[in-house]
Amino acid sequence: MSRLVLSPRARQDLRRLVDFLLPTDPIAAADTVNVIRQALDILTHQPRVGRPAPGRLRELVIQRGSTGYLALYRVNADLSDVEVLAIRHQRESGYHDDDI
């Protein structure tokens, strides 16, 4: 089983995504945290489940209703650690250089 680590940037992204929903739909905000966390937990058992991304990174697609989220992550060579680098809503622009 791999150890899952959220980078400071990924934690910040999660808070930002929740803060966006909180004023208009507090229930959806709480549900979103649970959906993302449950999806990320899959990486502890299947670290290579996400699609390949540039720079030896991977991207996990997290379904949420008609849209969803993307988690950019990397796995070390022996699969013991999975580090989530950034989390984005699918409608946001791509990742930025400071995400990695």
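Residues are numbered from 1 along each chain as its sequence is written, and side-chain values use heavy atoms, with hydrogens and water left out. Because the model is predicted, local features need pLDDT of at least 70 and side-chain atom pairs count only at pLDDT 80 or more, whereas totals for chains, interfaces and linings use all residues.

**Exercise 1.** Describe how α1 and α2 pack, and state which residues make the contact.

Solution. Begin with the elements, α1 (8-21) and α2 (residues 26-45), where helices are DSSP runs (H or I, at least four residues) and strands are runs of E of at least two, numbered from the N terminus. Next take the geometry: the two helices pack at an angle of about 155°, and their axes lie 8 Å apart; axes are lines fitted to C-alpha atoms over the stretch in contact, with angles from 0 to 180 degrees between N-to-C directions. The pair is therefore roughly antiparallel, a term for angles over 145 degrees. Finally, list the contact (heavy atoms within 4.5 Å): α1 contributes Leu14, Leu17, Val18 and Leu21, while α2 contributes Pro26, Ala28, Ala29, Thr32, Val33, Ile36 and Arg37.

**Exercise 2.** Characterise the second largest pocket by its volume and its lining.

Solution. First, the volume is about 200 Å³, meaning the space filled by probe spheres set on grid points that are joined across faces, edges and corners. A pocket is an open set of points on a 1 Å grid over the protein atoms alone, where a 1.4 Å probe fits, with protein on both sides within 12 Å along at least five of seven lines; lining residues have an atom within 4 Å of a point. Second, the lining consists of Arg16, Leu17, Phe20, Leu21, Thr32, Arg64, Thr67, Tyr69, His89 and Glu92. Third, α1 supplies the largest share, four residues, and β4 also supplies at least two.

Conventions: Parallel < 35°, antiparallel > 145°, perpendicular 65-115°, else oblique.
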